[in-house]
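Hi everyone, thanks for making time this morning. I'd like to walk you through one structure, so please have a look at it with me.

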Amino acid sequence: MTDDESDRGVLDVLMGAAAGSALLPFVQAIVTKGGEDVYAKIKELLSRPDRKRTKDEIKDSGTVTLFSDDTRVVLRMPSRMTPQMTERLKLVRLPPRGDEWLRVSWDNAKNQWVVRECDPPDELTSGR
């Protein structure tokens with residue numbers, strides 16, 4: 001991301017990265033609807049191993065994780081999103097950066113989305 005792109009929101013970045021992929025309908029659904037089961041929206045888009053991994057993640061942490069290798073953004077969402085969370089996600093702006101990965105996740109204590117630097121997802125480092 002360059003300084004010119006500093007005003008791009010996380011959903012803008014993910015929509016651009018998802019264009020032409022199976023994730024585009026899911027990201028669009030997040031943008032337009034809140035308060036629904038996130039996993040229910042994506043399970044038909046996932047392969048059987050990915051569905052199992054996602055179910056395990058929900059069971060272990062109550063979250064669903066999406067990432068874009070192209071933009072180096074990880075989005076970790078609660079398995080159920082309220083309309084308020086969805087609206088606040090639309091407002092998240094990514095800071096300018098070099099090759100660092102960023103994780104966007106919901107902080108229950110702060111009642112807001114937070115952006116932090118992170119390592120690449122395990123799926124990328126372990127060969128998916």
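**Salt bridges**

Two salt bridges are present in this structure. Keep in mind that we are looking at a predicted model.

Let's take the helical pair to begin with. Lysine 52 and aspartate 56 join their side chains in a salt bridge, at 3.0 Å from N to O. Where do aspartate 56 and lysine 52 lie? Both are in helix H4, four residues apart, which is about one turn of the helix. You'll remember that an α-helix has 3.6 residues a turn, so residues three or four places apart point the same way. As for accessibility, lysine 52 is exposed, at 52% relative accessibility, while aspartate 56 is partly exposed, with 33%.

While we're on helix H4, let's check its length. It covers residues 48-61, and at 1.5 Å a residue its 14 residues should span 20 Å. The C-alpha atoms at its ends are 20 Å apart, so the model agrees with that expectation. Just after H4 comes glycine 62, with a positive phi of about 75°.

Now for the other pair. Arginine 72 forms a salt bridge with aspartate 99, and their closest N and O atoms are 3.1 Å apart. Arginine 72 sits in the loop between strands E1 (63-68) and E2 (73-78), and aspartate 99 in the loop between helix H5 (83-91) and strand E3 (101-107), so this pair ties together parts that are 27 residues apart in sequence. Is aspartate 99 buried or exposed? Aspartate 99 is exposed, with a relative accessible area of 61%, and arginine 72 is partly exposed, at 30%.

That's my tour, and I'm happy to take questions.

Note on methods
Residues are numbered from 1 along each chain as its sequence is written. This is a predicted model: local features need pLDDT of at least 70, side-chain atom pairs count only at pLDDT 80 or more; totals for chains, interfaces and linings use all residues. Side-chain values use heavy atoms; hydrogens and water are left out. Helices (H or I, at least four residues) and strands (E, at least two) are DSSP runs, numbered from the N terminus. The expected span of a helix is 1.5 Å times one less than its number of residues. A salt bridge is a side-chain nitrogen of Lys or Arg within 4 Å of a carboxyl oxygen of Asp or Glu. Buried means under 20% relative accessible area, exposed over 50%, partly exposed in between (1.4 Å probe, protein chains only).
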